[in-house]
Amino acid sequence: MKGKKEIIEALNQLLTAELTAINQYYVHYKMCENWGYKRMAHHFRELSMGEMKDADEVIERILFLEGVPNMQRMNPVKVGETVAEQLQLARELESGQVKMLNDLVALARDAGDNGTRHLAEHGLLDEERHLDWAESQLGIIEDVGIKNYLAEMIAHE
Amino acid sequence: MIICHCHGVSDRELRAAARRGESCADVARGCRAGSACHGCLPAVREILRENVVRELSRPKLEERQ
């Protein structure tokens with residue numbers, strides 16, 4: 001099915017964000033594992049895999065609309081040097097994705113492409129959940145202090 | 001945050017370079033950020049520019065008195 005050019009471009013922008021997120025979460029996962037924060041590493045690994053599944057759906061949609069998925073383009077991968085900084089960067093990344101997906105919902109609705117709108121809405125709920133998680137973690141750090149927080153992140157349940 | 005992945009240069013190192021008044025070329029010669037794949041050049045430029053803007057927006061000594 002031939003898709004509209006602006007929808008394919010917007011989906012490719014979303015794909016760029018997803019590919020960036022996969023790498024950002026993945027390097028944070030490996031860093032936390034190296035530091036011994038196994039529980040934190042597990043969270044970042046799950047997030048990275050989640051973004052990969054999202055990218056999978058976006059690529060499928062672009063191909064369905066007879067577009068070319070751009071696998072080369074990527075935004076700068078922001079690597080945090082501490083767990084707290086990694087969480088701040090996760091919050092930044094997710095809030096960017098939430099905005100992008102809200103814009104895509106509006107664009108797809110106006111273009112009458114309800115399949116893409118459905119995909120964007122589904123992704124939006126996931127990213128909102130991730131954003132909420134990052135915000136909660138930063139809130140907990142503020143409440144209990146970074147040392148107490150990190151102590152909880154050592155053992156993997 | 002690591003800005004230059006090729007040479008492992010952090011934003012803190014770049015802000016320190018910016019405070020010393022270094023340009024992109026100075027940074028490329030010094031800590032080498034932005035001198036390999038050039039992927040981080042926009043981010044390096046932004047950090048160096050941020051510092052210039054901050055310096056220019058600071059009131060001069062005579063204006064402060």
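Student: Where does His38(B) lie?
Tutor: His38(B) sits in the loop between H2 and H3 of chain B. Keep in mind that this is a predicted model.
Student: Is His38(B) buried or exposed?
Tutor: Exposed. His38(B) has 12 C-beta neighbours inside 10 Å, and the cut-off for exposed is 12 or fewer.
Student: What about the phi of His38(B)?
Tutor: Phi is near 70 degrees for His38(B), a positive value in a residue other than glycine. Arg32(B) also has a positive phi, near 75 degrees, and is not glycine either.
Student: And where is Arg32(B) found?
Tutor: In the loop between helix H2 (24–29) and helix H3 (41–57) of chain B. Arg32(B) has 14 other C-beta atoms within 10 Å, so it counts as partly exposed.
Student: Zoom out. What pattern does chain B follow along the sequence?
Tutor: The order is β-β-α-α-α-α. That is two strands and four helices. Chain B has 65 residues, and 23% of them are buried.
Student: Switching to chain A. What should H4 span, and how far apart are its end C-alpha atoms?
Tutor: H4(A) covers residues 114–144, 31 residues in total. At 1.5 Å a residue it should span 45 Å, and its end C-alpha atoms are 45 Å apart, so the two agree.
Student: What comes just after H4(A)?
Tutor: Gly145(A), with a positive phi of about 90 degrees.
Student: Which residues of H4(A) are buried?
Tutor: Among them are Leu119(A), Gly123(A), Glu127(A), His130(A), Ala134(A) and Gln137(A).
Student: Why would residues three or four places apart point the same way?
Tutor: An α-helix has 3.6 residues a turn, so such residues point the same way.
Student: What covers the buried residues of H4(A)?
Tutor: The cover includes helix H1 (5–35), helix H2 (38–64) and helix H3 (83–111) of chain A.
Student: At what angle do H3(A) and H4(A) pack?
Tutor: About 155 degrees, with the axes 8 Å apart. Over 145 counts as roughly antiparallel, so H3(A) is roughly antiparallel to H4(A). Their crossing is left-handed.
Student: How do the residues of that contact divide?
Tutor: Into 14 nonpolar, eight polar and eight charged, for the contact of H3(A) with H4(A).

How values were computed
Residues are numbered from 1 along each chain as its sequence is written. Chains are lettered from A and ligands numbered from 1 in the order in which they are written. This is a predicted model: local features need pLDDT of at least 70, side-chain atom pairs count only at pLDDT 80 or more; totals for chains, interfaces and linings use all residues. The expected span of a helix is 1.5 Å times one less than its number of residues. A residue is buried if 20 or more other C-beta atoms lie within 10 Å of its own, exposed if 12 or fewer, and partly exposed in between; C-beta atoms are placed from the backbone. Two residues are in contact if their C-beta atoms, placed from the backbone, lie within 7 Å. Axes are lines fitted to C-alpha atoms, for helices over the stretch in contact, and angles run from 0 to 180 degrees between N-to-C directions. Angles under 35 degrees count as roughly parallel, over 145 as roughly antiparallel, 65 to 115 as roughly perpendicular and the rest as oblique. A crossing is left-handed if the near helix is turned anticlockwise from the far one by less than a right angle, and right-handed if clockwise. Ala, Val, Leu, Ile, Met, Phe, Trp, Tyr, Cys and Pro count as nonpolar, Asp, Glu, Lys and Arg as charged, and the others, Gly among them, as polar.
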